[in-house]
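Thank you all for coming.

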Amino acid sequence: MERLRIVFMGTPEFAVGILDTIYQHNYDIVGVITAADKPAGRGQQLKYSAVKEYALEKGLRLLQPTNLKDETFLEELRSLNANLNVVVAFRMLPEAVWRMPKFGTFNLHASLLPQYRGAAPINWAIINGEAETGVTTFFIDDKIDTGAMILKASTPIGDNETAGELHDRLMDLGKDTVIKTLTLIENGNAETTIQVEDADIKTAYKLNRDNCKIDWTKPGAEIHNLVRGLSPYPAAWCFFNDNGQEWNVKIYETEFIEGANKTEVGTITADKKEINVAVKDGTIKIKSLQLPGKKRITAKELLNGMTFSEVAKAL
């Protein structure tokens with residue numbers, strides 16, 4: 001049995017949970033690769049990725065290439081003498097990188113592949129109203145999330161579970177799955193399954209302003225799923241319009257109450273505790289939201305200092 005020498009590649013908090021588990025299991029992490037520092041916030045100060053912060057804390061060798069095909073970076077990567085790359089929430093790798101180690105490069109993806117290949121699998125599983133999702137480890141090839149699968153682990157999705165809540169559960173599920181995958185590779189027992197292409201495969205498209213906007217003409221269950229699938233980040237949004245004033249509002253938590261509704265779609269009604277929006281098959285109750293320049297608050301907190309007129313609309 002050859003001892004694994006691992007290069008870990010990742011950027012966000014999700015990846016940190018996996019990296020920490022590998023570290024706690026005493027695997028030899030010879031290098032960590034993460035995104036370059038980026039300016040953020042009003043002061044545009046350079047912000048470290050979550051993975052960089054962890055690597056610095058643990059004293060791990062850190063690389064932050066801007067070009068993964070740059071020969072200087074490739075030489076530095078070779079010098080680490082890794083025999084396995086582990087990738088979690090990073091970016092597409094050139095062949096020169098994923099083919100480099102003896103045992104190849106495997107990725108942990110937060111879906112049950114081949115479903116939800118792409119950038120936002122956790123969000124889209126909830127947005128599309130799936131009852132189940134999971135994680136998959138697979139060997140990387142020259143396409144996005146299409147490589148031969150090693151292990152899968154599944155979990156149900158709660159009816160009102162948010163993307164943030166599911167993110168944390170999948171990170172825990174991913175920890176166990178990655179360690180099992182490492183054990184298989186280390187012992188020479190990793191068997192793979194080729195992904196079968198199917199017309200019913202759903203894609204986890206990158207989130208943007210357009211696909212995060214609420215369309216109040218949609219069925220209430222779809223609107224509720226969009227909100228929870230984008231909560232807490234990047235958050236579903238819409239406009240509130242009242243007597244000529246308009247606010248760009250982020251909505252984080254809703255409840256869908258199904259039933260006959262003769263009120264015009266998008267109409268806002270509110271009392272001292274609740275904000276309700278009429279949809280074609282019922283009512284969306286808004287529980288928490290955020291107005292421009294303000295922090296996230298509950299509907300009750302907003303209504304302590306704000307009232308809506310009879311012509312208020314959600315657009």
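This is a predicted model: local features need pLDDT of at least 70, side-chain atom pairs count only at pLDDT 80 or more; totals for chains, interfaces and linings use all residues.

Of the 73 residues in the largest nonpolar core, Ile22, Leu182, Trp216 and Phe240 are the ones that touch the most other members; by such a core I mean a set of buried Ala, Val, Leu, Ile, Met, Phe, Trp, Tyr and Cys residues joined through side-chain atoms within 4.5 Å, where buried stands for under 20% relative accessible area, with a 1.4 Å probe and protein chains only. Helix α6 gives this core its largest share, eight residues, and a second, separate core of 20 residues includes Leu80, Trp98, Ile140 and Met149.

Residues are numbered from 1 along each chain as its sequence is written, and side-chain values use heavy atoms, with hydrogens and water left out.

Let us turn to helix α7, residues 220–229, which is largely enclosed by the rest of the structure because eight of its 10 residues are buried. Helices here are DSSP runs of H or I with at least four residues, strands are runs of E with at least two, and both are numbered from the N terminus. Among the elements covering the buried residues of α7 are α5, α6 and β15.

In strand β15 we find Asn276, which counts as buried because its relative accessibility is 15%. Beyond its neighbours within four places in sequence, Asn276 is in contact, meaning heavy atoms within 4.5 Å, with Thr267, Ile268, Thr269, Thr283, Ile284 and Lys285.

Technical notes: Buried means under 20% relative accessible area, exposed over 50%, partly exposed in between (1.4 Å probe, protein chains only).
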